[in-house]
Amino acid sequence: MAHPARPHTLYEAIEALPEGVTGEIIGGQMHTQPRPSGPHALAGSNLGIDLGNRYSRGHGGPGGWWIIDEPEVHFIRDSEILIPDLAGWRRERMPALPQDQRFEVVPDWVCEILSPASASKAREVKIPVYARYRVAHAWLVDPREQSLEAYALQEGEWTLVGTYSGEDLVDTDPFPEAGFRVADLWR
C-alpha cells in the first residue's frame with residue numbers, strides 16, 4: 001500500500017492541511033487554527049466592506065489602498081508566514097497584487113479579530129512579529145467585548161492610539177476618514 005509523501009518543509013505541511021484549517025509559520029513553528037466563528041467572520045466581513053469601499057475602491061473615500069481578507073503574508077518567503085484577518089497596503093508601495101498567494105510586501109496595516117482561542121496568540125505572538133517587520137498600524141477587534149483597539153508603531157514599539165466601542169466613530173490612522181461606528185461591525 002502506498003503512503004502519501006510526507007512534507008519536507010513547514011510550508012509544505014501548511015499546504016497539506018485539511019480543508020477548514022489554516023496554518024502560519026511563526027518563529028520556525030507551525031501554528032494551526034480552524035476557520036473563524038460566525039461573530040468573528042461577521043466582524044471581519046463588515047470591517048472589510050467599510051474599509052474596502054472607501055479605501056480600496058475609493059467609494060466615499062480617498063482610495064489608494066488594497067484591503068485584503070486573510071492574506072498569506074510572507075515576511076520571509078515560505079519561512080515566516082502570518083495570516084492576519086485583514087491587511088492593507090498603500091498602492092504606491094504595492095502597485096499590483098501578487099499572482100500567487102504569497103504577499104511579500106510588508107503591509108501598512110493589519111487587523112486581528114480576537115476569539116477566545118486566538119486572543120493570546122494575537123497579542124503575545126503575532127503583534128510582536130508585525131512590529132519586528134515594521135507594519136506601521138495594527139488593529140485588534142474583539143467581538144466578545146465589541147471593541148476595537150488601534151495601535152501605531154513608534155520607534156519599534158506599539159503605542160495605543162485609541163480604544164473604540166459601541167457607537168464610537170472610528171477615525172484613526174491609517175484610515176482617518178473611515179467613519180464607521182464600532183457597533184456596525186456586529187450588526
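Guide: Here is a walk through the sheet, the helices, the cores and some charged pairs.

Guide: Keep in mind that this is a predicted model: local features need pLDDT of at least 70, side-chain atom pairs count only at pLDDT 80 or more, and totals for chains, interfaces and linings use all residues. Residues are numbered from 1 along each chain as its sequence is written, and side-chain values use heavy atoms, with hydrogens and water left out.

Visitor: Okay, the sheet then. What's the strand order in the open sheet?

Guide: Its 6 strands go β3-β6-β8-β9-β10-β11, and the pairing is mixed. Strands here are DSSP runs of E with at least two residues, helices are runs of H or I with at least four, and both are numbered from the N terminus. Two strands pair if DSSP finds at least two bridges between them.

Visitor: And which are the edge strands?

Guide: β3 (65-69) and β11 (157-165), each of which pairs on one side only. From one strand to the next, the twist averages 15 degrees.

Visitor: How many bridges join β10 to β11?

Guide: 8 bridges, and the two strands run antiparallel. Glu149 stands opposite Thr163 in β11.

Visitor: Which strands does helix α2 touch?

Guide: Helix α2 (residues 38-56) packs on the sheet and touches β3, β6 (86-90), β8 and β9 (137-142). Its direction makes about 165 degrees with that of β3. For such angles, axes are lines fitted to C-alpha atoms, for helices over the stretch in contact, and the angles run from 0 to 180 degrees between N-to-C directions.

Visitor: What about α3, where does that lie?

Guide: Helix α3 (residues 119-132) lies across β8, β9, β10 and β11, at about 175 degrees to β8.

Visitor: Switching topic: which residues touch the most other members in the largest nonpolar core?

Guide: Phe75, Leu82, Trp89, Val110, Ile127, Tyr130 and Trp158, out of 24 residues in that core. A nonpolar core is a set of buried Ala, Val, Leu, Ile, Met, Phe, Trp, Tyr and Cys residues joined through side-chain atoms within 4.5 Å. Buried means under 20% relative accessible area, exposed means over 50%, and partly exposed is in between, using a 1.4 Å probe and protein chains only.

Visitor: Which element gives the most to this core?

Guide: That's α3, with 6 residues. Apart from this core lies another, of 22 residues, including Trp65 and Phe180.

Visitor: Back to Ile127, what is it in contact with?

Guide: Leaving aside neighbours within four places in sequence, Ile127 is in contact with Ala122, Ala138, Leu140 and Trp158. Contact means heavy atoms within 4.5 Å.

Visitor: Now Glu112: buried or exposed?

Guide: Glu112 is buried, with a relative accessible area of 4%. Its place is in strand β8 (residues 109-113). The side chains of Glu112 and Lys126 are joined by a polar contact of 2.9 Å. A polar contact is a pair of N or O atoms within 3.5 Å; within protein, one must be able to donate a hydrogen and the other to accept it, and residues adjacent in sequence count only if both atoms are side-chain atoms.

Visitor: Which residues are linked with Glu112 in a network of salt bridges?

Guide: Glu24, Lys121 and Lys126. A salt bridge is a side-chain nitrogen of Lys or Arg within 4 Å of a carboxyl oxygen of Asp or Glu, and by this rule the count comes to 14.

Visitor: Which side chain meets Arg102 in a salt bridge at 2.8 Å?

Guide: Asp78 does. Arg102 lies in strand β7 (residues 102-103) and Asp78 in the loop between β4 and β5 (80-82), so the pair ties together parts that are 24 residues apart in sequence. Arg102 is buried, at 12% relative accessible area, while Asp78 is partly exposed, at 26%. The side chains of Asp100 and Arg102 also meet in a salt bridge, at 3.0 Å, N to O.

Visitor: Last one: which peptide bond is cis?

Guide: The bond from Asp173 to Pro174, with omega near 5 degrees. Pro174 is in the loop between β12 (169-170) and β13 (180-181). As for backbone angles, Glu155 has phi near 55 degrees, a positive value in a residue other than glycine. Glu155 is exposed, with a relative accessible area of 84%.
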